[in-house]
Amino acid sequence: MEINSLTAAEIAGGIAEKKFSASEVFSSCMEAVHRGEPDISALITVAEETGQAAAREIDRRIARGEKPGPLAGVPIVMKDNMCIRGLPATCGSRMLHGWIPPYDAAVAELLSGAGAVFAGKANMDEFAMGGSTEFSAFGPTSNPWDLERVPGGSSGGSAAAVAAGYVPVSLGSDTGGSIRQPASFCGLYGLKPTYGLVSRWGLVAFASSLDQIGPFARTVEDLALLLSVIARPDPRDGTSSRRERPDYTACVKNPSLKGKKVAVVKEFGAMSASVSPEVREALEKTLSLCREEGAEIVEVSLPVSLEFGLPCYYILAPAEASSNLARFDGVRYGLSSKEDSLLELYLRTRGKGFGSEVKRRILTGTYVLSSGYYDAYYLTAQKVRSLMKEEFRRAFGSCDLIALPTSPTPAFKKGELVNDPIQMYLADVFTLPVNLAELPALSLNAGFTSGKKPLPLGVQLIASRWGEPELLNAAAVLERRLGIAGTAPCTKNGKGGRS
């Protein structure tokens, strides 16, 4: 039995029906990890011992006639900025190398309570700052479709682990596209939920007003299943909404786009020259399928969001990062440099512990918050953010969903943009506005490039606040029409490519 041939729903159902055991599933998962990791480097920590013990406990509960939950025995990987008691949480940084959380994040508690088994912690751009998973202190992650290319970032390890067949589902965090862009590059479904839907308690913060945890999966059913488990109110997170959550799995059972309005963005036409022709074709194909399924294609205008989303984000996110990362000073936990004075301790610890991209963003954030520049940069960006929220609110008055590319291009080669931060930032031009407006969005695989090593092409659907049911419904319709659900690269030979 190969784990990459089963969905999370199939695994949980098979274990509950005693067709196979959780221990067998986890052993298969570990075989895939050991086979793929020398080439892919998707994981920072492999939780083989603790995972096998958890799988055996699931088997014992099944034998006693208990129902261990909707994810019984399903192996899962979590991004390494989420806490799991007893497992290291490095955030991809030397600053936290060796730190072991004494508690579980809210999502870890919920997953464990649903019967999931933690297989490991995924590689990531340091403190979630990056768009390629090349800014990790533990080395870059390779895209399972083509090992010479990046898997996206900052949740690249979480996406690569699913695409390579280690696990059927994983969790990432999305601050400006860090779930959707890796999902696009790795041929997966990736969902950035509405801000406040999923608890951030136990997530190491990058930009607190933008961060949101969300799932990766190879099928829409698995995406909905995972979201149903982790989307719960949490009094420990002051930003967690108390509103009732629906059963998201019900949204994908009888999907239909009849009577729905799917919008194209007027301003996208002026930007399309910078978008890969194959990405544009994937978007057009997606819109055509929506029309064939009974949706009406309409036009909306988002001039502020598409023109000013990028500069707005790269003022606000670094500002919040400079504040959040001030806690890593070498005094309380993590890396500490032994020096003769407190100032030298701060300087040497942070100099050694943080990588180049984190330092760049801390410096930017400190600058825009400094006296004399706060009003010109930070306050102005907050006003622009308010305009973007209002702009999206008006747009959703005339449509149910908005369709855009996830990224302007397919996965780029490793090293291609690592020394060009501006071009790296531009790769997120279509995803950043969603976080600034606190909206949900879903990336789906809408096709492949041509050539010897086909690369996935992602399309992004955006909904109004709390519109996850609309997104899952539409994705389920497109999954049926596109016929590429569950497609995973073949990594057995270590060379990548389609299976």
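Guide: Apart from neighbours within four places in sequence, Leu 306 is in contact with Val 265, Glu 267, Phe 268, Met 271, Val 429 and Phe 430, where contact means heavy atoms within 4.5 Å. The model is a predicted one, in which local features need pLDDT of at least 70 and side-chain atom pairs count only at pLDDT 80 or more, while totals for chains, interfaces and linings use all residues. Residues are numbered from 1 along each chain as its sequence is written, and side-chain values use heavy atoms, with hydrogens and water left out.

Leu 306 belongs to helix α10, residues 303–324; helices (H or I, at least four residues) and strands (E, at least two) are DSSP runs, numbered from the N terminus. With a relative accessible area of 8%, Leu 306 is buried, a term that stands for under 20% relative accessible area, with exposed meaning over 50% and partly exposed lying in between (1.4 Å probe, protein chains only). Leu 432 lies 126 residues away from Leu 306 along the chain, yet their C-alpha atoms are separated by 9.1 Å.

Gly 190 sits in strand β5, residues 189–192, and counts as buried at 0% relative accessibility. Beyond four places in sequence, the residues touched by Gly 190 include Ile 179, Arg 180, Ala 183, Pro 215, Phe 216 and Leu 223, and also Ala 441, Leu 442 and Ser 443.

From single residues one can turn to the nonpolar cores, each a set of buried Ala, Val, Leu, Ile, Met, Phe, Trp, Tyr and Cys residues joined through side-chain atoms within 4.5 Å. The largest has 127 residues, and those with the most contacts inside it are Leu 111, Tyr 166, Leu 171, Ile 402 and Leu 472. Leu 111 touches, outside four places in sequence, Leu 71, Ile 76, Met 78, Ala 116, Phe 118, Leu 171, Leu 226, Val 229 and Ile 230. A second, separate core holds 33 residues, including Val 204, Cys 312, Met 388 and Leu 436.

Two packed helices are described by the angle between their axes and the distance between the axes; here axes are lines fitted to C-alpha atoms, for helices over the stretch in contact, and angles run from 0 to 180 degrees between N-to-C directions. For helix α4 (residues 106–113) and helix α7 (residues 220–230), the axes come within 8 Å and cross at roughly 115°. The two helices are therefore roughly perpendicular to each other, since angles of 65 to 115 degrees count as such, under 35 as roughly parallel, over 145 as roughly antiparallel and the rest as oblique. Val 107, Leu 110 and Leu 111 of α4 meet Leu 226, Val 229 and Ile 230 of α7. The residues of this contact divide into six nonpolar, no polar and no charged, where Ala, Val, Leu, Ile, Met, Phe, Trp, Tyr, Cys and Pro count as nonpolar, Asp, Glu, Lys and Arg as charged, and the others, Gly among them, as polar.

Helix α2 (residues 22–40) and helix α3 (residues 48–63) pack with their axes 8 Å apart, at an angle of about 160°, and are therefore roughly antiparallel. This contact includes Phe 26, Met 30 and His 34 of α2 and Gln 52, Arg 56 and Asp 59 of α3. Its residues divide into five nonpolar, five polar and three charged.

Finally, the loop between β3 (117–122) and α5 (156–163) contains Ser 154, and the peptide bond from Gly 153 to Ser 154 is cis, with omega near 10°. Ala 128 is found in the loop between β3 and α5 and has phi near 70°, a positive value in a residue other than glycine; Ala 128 is buried, with a relative accessible area of 4%. Thr 133, in the loop between β3 and α5, has a positive phi near 60° and counts as buried at 0% relative accessibility.
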